[in-house]
Structure formats: C-alpha cells, structure tokens
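This briefing concerns a predicted model. Please review the sequence and structure shown below before reading the points that follow.

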Amino acid sequence: MRLWLWALLPALLLAGCNDKDPQLAQNSLLYCTPSSPSSFNPQLVISTETLDATAHQLYDRLLTLDPLSQQPSPALATDWQRSDDGLRYRFSLRSNVAFHHTPWFSPSRPFNAQDVAFSFTRLADKQHPYHQVSGGRYPFFSAVNWAQLVKQVEVINEHEVEFVLNHANADFLHYLASDYAVILSAEYGAQLLAASTPQLLDQQPVGTGPFLLNLYRPDEFIRYHRHPDYWQTGGSLQHLVLDITPKSSKRLAKMLSGECDAMANPAASQLEVIQKHPDIALSYAAGSNVAVLALNTQKPPFNDPRVRNAIRLVLNKNDILQAVYFGRASLAESLLPAPFWQQAELAHPSTFISSTTHPAISPTISPATNSPLMPTKNAVSRDQLAPFPDPEQEQEQEQQLVEAKNLLAQAGLSGGFKMTLLMPAGARAYNPDGLKTGQLLQQQLAPLGIKLTLRPLDEQVLRNSLLAGQQDAVLTGWSADMPSPDNILRNLLSCQAISAGTNASRWCNPAFEVELNLALTEPDRLRRHAYYQAAQYLAQLDVALIPLIHSRRHLAYRYSIAGLQLLPYGGINFQLAEKE
Amino acid sequence: MLLYLLRRLGLLISTLLMLTLIAFSLEFQLLSQPTQSFIQGYSQFLQQLLAGDFGVSSVSGLPVLGALGQYFPATLELCLAAFIISLLVGVPAGTWAALHLNRWPDTTILTGTLIGYSVPVFWLGLLLVMFFSLNLGWLPVSGQLSLLYEIKQVTGIMTIDTLLTDASYRWPAFFDALRHLVLPALVLAIVPTTEVIRQIRSALLEVLKQNYIRAALTKGISENYVILRHGLRNAFPMAIPTLGLQFGTVLTSAIMTEIVFDWPGLGRWLITSIALQDYAAIKAGTLAIATFTIVASAAVEVLSTLIYPARRRAIYASQR
C-alpha cells in the first residue's frame, strides 16, 4: 500500500512546480491564433489571420489610420502634399528608421525612398524582377485597380518620393494606410536577387516593424523578438509568440489554463464562458463587415425584383442574430456597417438619410473602435440575448408575410418553388456558421412555399461555382479592408466584381457605378457620402442584395495585459502591448 | 548463436523489404508514370531510401528527412515515458494480483485492466485535460514545452534538450517539459500497463507453482525474498517477448494521443500530412512508424533470448 503513496509523490511535486520563469513570463506574450500565415508578406494575402500574424508586427506603412478619426495619419511618411488635380502625391519620409537585423540580412543603411519605390513597383510593373515571385497575385491591389491607378512611383531624393496617378482617387491615401501596403527593404531584395533566391523575400521577412522574426515552425508557432532599433516607442515586451492552434475549443482551453495570454476569434458559443472568467477580458471591434443573402439576379425566378422583395420581407434577421451569432453582432439594415455611418454622421448629421425600411438604426459606438482596447465585460446585456416575444413585432411579421405572398402571386409564383442555397462550409469573419443560417432560412421561407436545398461548399469549390454563376442563391459577405464604403459596395455589387466572383447576386447597374466613380473622384467628404447613399438607394430599390448581419471581431485576453490594439480593418497590433 | 543472429537479421531485412514494396506499390498506383516499369521504379525508390532521400514535402518544400528527424524523437520520448510508467505501475500491480489470487485485490486489479483496456484514448485524454488542466490547473493542456522557452533542438527529446541549454531558465524549462509529458504519457501508458499486469500476473502464477519456490518457502526463507529473488526473476523472461509485441499497439495509440495533446511527434505530423495530401511525408511517416515497430519488437526478442539462459533453447531448437 505504501508503494502507491510513493508513486504519488513525484506527481504532486511536479504539480507544485508550476512557476514559470517570472522574468521571462513578464517579457513575453503568447497569442493563440487559428492558422499558419500563408506568407510573411501582406501584399500577397487576403486572410485576416495572416494579417494578424504579420502586418503590424513585422512592418510599417507610409501612413497609418488614426485610431479615433480613422483618417490617414503619418507613419513612415512624416508629411505629404497632394497636387490640386489630385494626380500627384509627394511624401516626405522619416529618417533614421532601421530595418531588422536578422541572421539572413544585415542592413547597411536606414529606410529611404528606394525602399518605397521597391515595395510598390513590384505590384504593378510586370517587368519588375519580383512581380512574378510567389505567384504574382496581389489580391488587395488588383481589387483597387492599382495597376491602372498608379502611373509611377518616383524617387525625388533620399527622403522624398512621389506617386503619380492616372486619375484622381479619393481613397488613395487609405490604400497606402491599409495593412497590405507594407514597406519592404530594397537592399534585401537586391541581395536575394543576387543570390538567386528571390522567393525568400516573402518567407524570411525583413521590415521596419516593432518585432522581427526569430523562428517559424509551420503549424506550430511563430516566435518574434523585439526590434531593438524600432523608431517608435513600444511596450516592454521582448518576445511575442504566436501559438498556432486551429481548434477554437483548444484555444479556449489554453486561454483558461494560462498557456495563452490572448486569443483571436473565440466562437460565439464560448463568449459567455470567457465573460464569466475573472481573469479574462473580452473586447471587440465593431463589425466592419457584412453578411448577405445574394439571390442570382440573372437567373429566373430571382431576376424578378418582386420575388427578391418577397424573400427579403419574410426573412427574420433577429432569429439569425440570436441563433447563429448568440446575440453578439448587430442587425444589418444596409450594406454598410456602423463605423461607415458614424463617419457620415460626423461629417454632417443632416445628410444622414436612412435608406432603410427601419428608421431607427442608431449605430452604437463601441470602445473597441478606439484604441487601445478597453475591456467591455458587460457589453451585451442578458435581455438583449433573450428577447420576449413582442406582440407588435409579431403583427408586423404577419403583415409582411401577407405582403410577400401578394408579391409572389403577382409574379405568378403563388405555389412557391424550389431553390438551392450555397454557403461556405467553414466559419467566416462575417458568418460563424453558414449551414445553421441556411437552416433558419429554410424554416423562414417555408410559409411562402419555397423549398430550400442547402449546399455547404469548401472555399475553393464555392469560389469556382460563383465564378461559373449558375447558382440560385448564396450566403456570403464581405469584410472591409479600409474605412471606405467603396471597398464594400464595389466588391459586392459592381459589374466588374461579377467576373471576379465577389458579386454573387450578379447585379449590374451602370447608374450605380456612376455614383461609385463620382464618389471616388470627389474630394469633399460630405458630397462623397451623398453619392454613396444614392448608390445604396439604387441597390436597395432593386433588392440587389439582402444584408443580414454585421458581425464583430472578438479578442479575449488576460486582464494583466495592456495596450493590445484590435484594428477594425485588418490585423491585431502588439506594438504597445505590455504585461502589468 | 551467430547463426541465430544472422537468421533473425535476415528475417528483419526481408520484412523491411516487404514494407518498402507495399509503400512503393501504393505510390505506383497513385502516381504511375508510364516512363518507368514497376521494377525500375522500385529499384530507384530503394536506392533513394538507402541514400537517405525520402523526397521533398509538397507543403513546406523542405526535405522530408529533416522533418522525420525533428518529429521522431518527440514520439520516442512519449513512448519511452509511457513504457517506463507501465513497468513502474504494471509490475507491482501484477505481482500483487498474483499473490492474492482470486481475492479482492486480484479481482479489483483485473477489473481495472479490463476497463483500462477498453477505454478510448481520445475520451480519456480529454477527460484528464478537463480535470487536471482546466479544473485544477496543475498541468498544461497540450504541447511539448511552453513556448516561452527557446530551447535549441539537439536530441529532439525535450526533457534532455532543456537540460542541455545554457540559458538561465534551464530548471524551470526542464520541469515545464516534464509537466507537459505527464498527461500524454499517462494516457499512452494505459494500454501497455494493462498488458504488463496481465502478463506478469500469469507468468508469476506459473512460476509460483514450481517446486523450487515451494522448496525455498519450506526452507523458511522470507516470502518477500522468494518472490522478488526467484519468482519475479523467472517470471520476467516469460512475459517480456509478449510485451515487445506491444510496440505496435503503443505506436497506434501514440498517434491518437499526439493529436489529443498536440504533441509535435510523428503521429500528428502524419495526420496533418494526410489532411494536406503531402504524399512524400505520408510515405516517409508510414515507413518510419512501421520500421520502428518491426525493429523494436525484433530487438526485444533477440535481447531477451540473449539475456535469459532459459530462452536459449529457442536458438538450438531452431537449428535443428
């Protein structure tokens, strides 16, 4: 019997030896992220996880977004002038900005205009030695027509650089401030080219950012060290480790056991557990995305606006909000999420025309749109989660059902019809569970006699079928890359976006595009928003898309951590993070 | 004696050849190239293997051999730890059961082994994580070492590598590695422990019936001494060869254990490679696991034959 007690002793000792090296734990932050980055160069990617891992840790941009106003403000460029015709932008560059010193590269000079030219000519110039390296695809830059927009990037002198445009574009500075427009080292590029290993530029990164790469083990972890010569002040963190843990349940477990200090994208169902935990804070960036139901406007019977409107009328977005998002999101009354409307309101309150059927949208300003993050422990109250049935609301729903039946009868479809609904098989930033959403739609459309067949598809298959354009309907959405309505409206509804596969409703209206293009060349913010509202009105009138939900980006972290920034457009920023 | 070793070696090599043949024919079915006949392709495949060329991973673009060298030691560490646990627990428990034949300790232990043998690894692993890591907070959820520590890979066995580092956090890192090892090793040890208990129990029961044990006991030598000195010593050689065959079972459950605990070993690497359709890695991982099983069980058999005189009869018997 005594033997057993002895066997227990080492186990108890081991359990007691729980202390990690305190100094090391104080200087390091462990961040649990769901997937490996697809590249270490944000120019090449589109996924939020890759931006989280790279954009703000390894690199700087010429401009950055001011956390309060979301307007471009100085970063590596200290100052800029725009010519009156809006075709030339001249940037003065910061001096004494050091590139990373790593085992694979020793910089001989600080950052200068050559690096800016190198970083941006690669994107558009097909003759550039790096253009075809790593696939030659730059998704963000092709979406904004960079190659047609930027004529050339001229080096004026070591500290000045000029962008010459083919036509004026009001969002140009936003492009430069986006997570994708990072500054790479021209000297490193030349060194790799001389060694005939240009592909390493995107795999063994060199930037000017607050952290430098120490070690990357695919599917296991990324280890960053602080960049000792960083030009800006940073937090006290010496090490930043990204722990790649695909399962969200495992990320939560690590978060609870203290193996992670912060965790990205907790599942909606986990938020309650996290909120109840005494040591863990939960914060979110208000949705800069929109989930939509896209009906194929080029295919009968959905080419009839009355049919689309009937479907819109019977949809109950609140049910989706509760069942799929667990109440942690906001209803989408239009395609543009709240931050875009705030901008419009700030510009001029009286121009804010609600182009929706519900006049009472009051976008709440969450603290997370500002930075650094504030814990929002009780951001969601219980009564929001479990609404009591409202007799007035029920009555309204009945009226809408009658109206929808009338519309279908007018379209000669009073008997209903069958349709197939496509959706992504996995979770998306704008929709955590497409299949569940589809099942709700199945129930909601049943009273109209519409029978839905659900088909969840993997990302590539779904993309291919959208490119083919034979679908009836699809649950899709868009996450904005920058605070410009153009980014959402153009990608979801423009005529070119049909061939790109992002305009899933295949709706094409030249008048809509005229408004978008006018907005893009309009320097005055007030008028620009009027154009966007006119464009939205056109889309709404024709039921081009049915907006469902604006989702939130959540971040869970220990209360002992301060200075984490979750950016509403793109990645997370650890520059100022520190442990108390 | 030499002849016996040569025969064993011959058997080992032909088994391994069969293995490569199966591995190659699978690949030949999948990616048949009309430019080569089966024989030509196979001989080329063998040459590459002998030269240490396991191909290049289609995912990372790096030679597969490097990945093997990285992941194999982690699996080895886990399996060794599990084996040590199974011996530490299994031998006393088996002995105790044998000494109390058909009384309550015996039935309790036997029931325990039956339960242990039938409990799914996946479920048990998650349950232990829930209790020890999430409820009590004693042990980490997964991994081989906290990512706080930067330990250079020398042997790949983390408990050794942490001791080899010259960083200031050598001891905290070592204990951290041990703490990471506890749960996966315990889970992996369950099945071999039940086997050790049953083998030791039945071997000891067999030995205790022998006349020399009775003689020793009637001489008045203390019971404990007789059991340790004569009983267990003669029971071991009977039990060990069957235990050697457990390597295969242990490796199979090691794959599942590695997935439950995110242990960066061969099994998890193999499953990830299957998901990513990395054929070179799948082939190399399968070959490595199968080779390890075959070599290990052959080694156990040869060693036990060499060490225990009573088993040498096998050598002479096979010469006839």
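Between chain B and chain A, eight residue pairs are in polar contact, both residues at pLDDT 80 or more; a polar contact is a pair of N or O atoms within 3.5 Å, where one must be able to donate a hydrogen and the other to accept it, and residues adjacent in sequence count only if both atoms are side-chain atoms. In this predicted model, local features need pLDDT of at least 70, side-chain atom pairs count only at pLDDT 80 or more, and totals for chains, interfaces and linings use all residues. Residues are numbered from 1 along each chain as its sequence is written, chains are lettered from A in the order in which they are written, and side-chain values use heavy atoms, without hydrogens and water.

**Chain B against chain A**
- α7(B) gives the largest share of the side of chain B that touches chain A, with seven residues; helices are DSSP runs (H or I, at least four residues), numbered from the N terminus.
- One salt bridge is counted between the chains, with a side-chain nitrogen of Lys or Arg within 4 Å of a carboxyl oxygen of Asp or Glu as the criterion.
- A:Glu220 and B:Arg268 form a salt bridge through their side chains (3.9 Å, N to O).
- Contact (heavy atoms within 4.5 Å) involves 34 residues of chain B and 30 residues of chain A.

Methods
Helix = DSSP H or I, 4+ residues; strand = E, 2+ residues; numbered from the N terminus.
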